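Please keep the sequence and the 3D view open while reading.

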Amino acid sequence: MNKRNILVFAIVILNLFTAGWSDVIELPKTGQTRCYDKSGSEIICTGTGQDGEFQTGFDWSGSRFVDNNDGTVLDSLTGLIWLKNANCFSMQNWSNALDLVNNLQDGQCGLTDGSKAGDWRLPNVNEYESIVHWGYNQELCGNTSCASLADWLNSQGFQNVNPYQRYWTSNTSAHDTNTAWTFAPWNGTDYFYNKGMSYFVWAVRSGQNGTYDPKYPINIPKTGQTTSYAKGDDGDLQMGVSWPVPRFEDNGNGTLIDKLTGIVWLKNANCFGAHLWDNSFALVSNLSSGQCDLTDGSKAGDWRLPNINEFRSLMDISKTNPALSSGHFFYGIDNNLSYSSSTTNVERSNYGLVVHLKSGVIHDSGKDYPAENGLLPIRAGRFRIIAVSKTGSGTGVVSSIPAGIECGSDCSDSFSVLSQVNIIATADNDSVFGGWGGDCAACVSNQSCQITMDGHKSCEAIFNKKQIEDTGYEIFNDTTEDIPDIAEDISDDIYEDVVADTGRDTTDIPDDAFADAESDVSVKDTSIADTGYDIAAEDTNSGNETRIKEKKEGEGCSCSTIE
């Protein structure tokens, strides 16, 4: 190989993680602040592990629904605009329900909002679940506790929400496409029924359509359904925030993270087998690293049962057996079991809310009922991901405090929401750290970059090779005009010292090597910077080429001048 081509820089991009994050959705609190024992009696929440103790999620208490005085009600939490009259159309089959709502417009059902046919739609499952208050009995309807979810909704400005009959959603069941999902306004549960049956009809418009809307604290995600069975159904409109692709990431330590919500789940869905709802909390609260295939360093108290909103957020309505999107990383799922949430069904408080993973249906189970339930714990708190990519011609390692990233090999990890994380770039000996990019760009070239985990973060660390000192010559190609004539006559070994290794601070060739040339030698204007070498060209008077001592006497060899 020609030695002049030895010094060619190769830039290697180490793109170890593709970080195409969408915004993480916030989940609302369930509204449940009380706790209940297996008989349904209210108990002190401390130490129970129930939903009423942790109350995780966005706090939406206070004034939420706004009467627009035009036949509509705005949910200021989600941005959805609901038809105020929840019983305008009476009971219909599923097909008629879709048609009636798709053609709804100003002048019908008390509307004076200027809406046109096509502006309204039948709500999907997730949109219905967004208006559920799972602790409605803790609110007052008049002078007494609200008797049902429908009573609470009617107290919030809606009219004629029926507490005794189901409402159609726009979702077809993946379990049986002759059936569609329905919503129970007395307690918030859902189930699917034959499309030919007659149920009530409600209408909604606005909300998110693909992209995250920061105007509203709660953005409702898509249901997962993409196949359409009728014009205007959920498969046709696909309303809601799009999911990250891929949605789940295997953390490699017995856990996975749902990048849509930031929730970290136990991968092993059959570690505990089946248990009574009431016995589940102690088992989960004592879970720690070393159990259930965990190597995450977790301690007892780090895990809990998900509340019903957290559990329901996991479901993909387009799937069955189980109702989870592809690439979910769970294993050991028992499709014959329902899985316990930490939320009580306050309609009958001796029952706990559970999710049937096979179908995605929310229903309830007696807290000491012999039909036992599976357990699928989550890490306490919610999490966001830092993903690091490394670029540049050099190499190095990116680590984190708290520990989690060692990139190296592990270039992404999850950290608690709003926590402070320092990521630190350390260049290898032959490289230098060149700075940060992506979500860390504000840290510029600081070796340590502090990040607030208010969302998923994607950071680029740039490492560059240490630079060869500038010689003034272009040494990346094979042209004689870029390297002095004298360099062409130097032996290969000397050439390497003169050109290839000019980054070293050595003086293998003395400055006076060209003393015999004196004034009749034309010397190139540019020298190799700071190396102690001088480069000379041809003797312009005699045409004789100036030669260089191969080695300076006294530096370990016997040398002579070549003339």
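The largest pocket holds about 290 Å³ of space, while the largest cavity has a volume of about 310 Å³. The model is predicted, so local features need pLDDT of at least 70 and side-chain atom pairs count only at pLDDT 80 or more, whereas totals for chains, interfaces and linings use all residues. Residues are numbered from 1 along each chain as its sequence is written, and side-chain values use heavy atoms, with hydrogens and water left out.

**Pocket**

- A pocket is an open set of points on a 1 Å grid over the protein atoms alone, with protein on both sides within 12 Å along at least five of seven lines; lining residues have an atom within 4 Å of a point.
- Grid points are joined across faces, edges and corners, and a volume is the space filled by probe spheres set on the points.
- The largest pocket is lined by 17 residues, and those nearest its centre are Asp296, Arg379, Phe383, Asp413 and Ser414.
- Strand S27 (residues 412-416) gives the most to this lining, with four residues; strands (E, at least two residues) and helices (H or I, at least four) are DSSP runs numbered from the N terminus.
- By class, the lining of the largest pocket has nine polar, five nonpolar and three charged residues.
- In this classification Ala, Val, Leu, Ile, Met, Phe, Trp, Tyr, Cys and Pro count as nonpolar, Asp, Glu, Lys and Arg as charged, and the others, Gly among them, as polar.

**Cavities**

- A search of the whole structure finds five cavities of 30 Å³ or more, a cavity being a set of grid points where a 1.4 Å probe fits but cannot get out.
- The lining of the largest cavity comprises 27 residues, of which Leu27, Asn126, Glu129, Pro221 and Asn309 lie nearest its centre.
- Helix H3 (125-129) and helix H7 (308-312) are the elements that give two or more residues to the lining of the largest cavity.
- H7 provides the largest share of that lining, three residues.
- The lining of the largest cavity divides into 14 nonpolar, seven polar and six charged residues.

**Aromatic pairs and charges over rings**

- The whole structure contains 20 aromatic pairs; rings of Phe, Tyr and Trp (its six-membered ring) pair if their centres lie within 6.5 Å, and planes under 30 degrees apart count as stacked, over 60 as edge-to-face and the rest as tilted.
- Trp168 and Tyr199 form an edge-to-face pair, at 5.1 Å centre to centre and 75° between the planes.
- This pair links distant parts of the chain, 31 residues apart: Trp168 is in strand S8 (residues 167-172), and Tyr199 is in the loop between strand S10 (190-194) and strand S11 (204-206).
- Both Trp168 and Tyr199 are buried, where buried means under 20% relative accessible area, exposed over 50% and partly exposed in between (1.4 Å probe, protein chains only).
- Phe433 and Trp436 are edge-to-face because their ring centres are 5.1 Å apart and their planes lie at 65°.
- Phe433 counts as buried at 18% relative accessibility, and Trp436 counts as buried at 6%.
- Ring pairs link a cluster made of Trp60, Phe65, Trp82, Tyr128, Trp152, Phe158, Tyr167, Phe183, Phe200 and Trp202.
- The charged end of Arg64 sits over the ring of Trp60, 5.0 Å from its centre; the criterion is NZ of Lys or CZ of Arg within 6 Å of the ring centre and within 35 degrees of the ring normal.
- The charged end of Arg348 sits over the ring of Tyr351, 3.8 Å from its centre.

**Thr169**

- Thr169 lies in strand S8 and counts as buried, at 1% relative accessibility.
- Its side chain reaches the backbone nitrogen of Asn171 at 3.1 Å.
- The side chain of Thr169 also reaches the backbone oxygen of Trp181, at 2.9 Å.

**Backbone**

- The peptide bond from Val245 to Pro246 is cis, with omega near -5°, and Pro246 is in the loop between strand S13 (240-241) and strand S14 (248-250).
- Ile401 and Pro402 are joined by a cis peptide bond with omega of about 0°; Pro402 lies in the loop between strand S25 (396-401) and strand S26 (406-407).
- Asn160 is not a glycine, yet has a positive phi of about 65°.
- Asn160 is in the loop between helix H4 (149-155) and S8, and counts as partly exposed at 43% relative accessibility.
- Phe329, also not a glycine, has a positive phi of about 75°.
- Phe329 is in the loop between H7 and strand S19 (338-344), and is partly exposed, with a relative accessible area of 36%.

Technical notes: A polar contact is a pair of N or O atoms within 3.5 Å; within protein, one must be able to donate a hydrogen and the other to accept it, and residues adjacent in sequence count only if both atoms are side-chain atoms.
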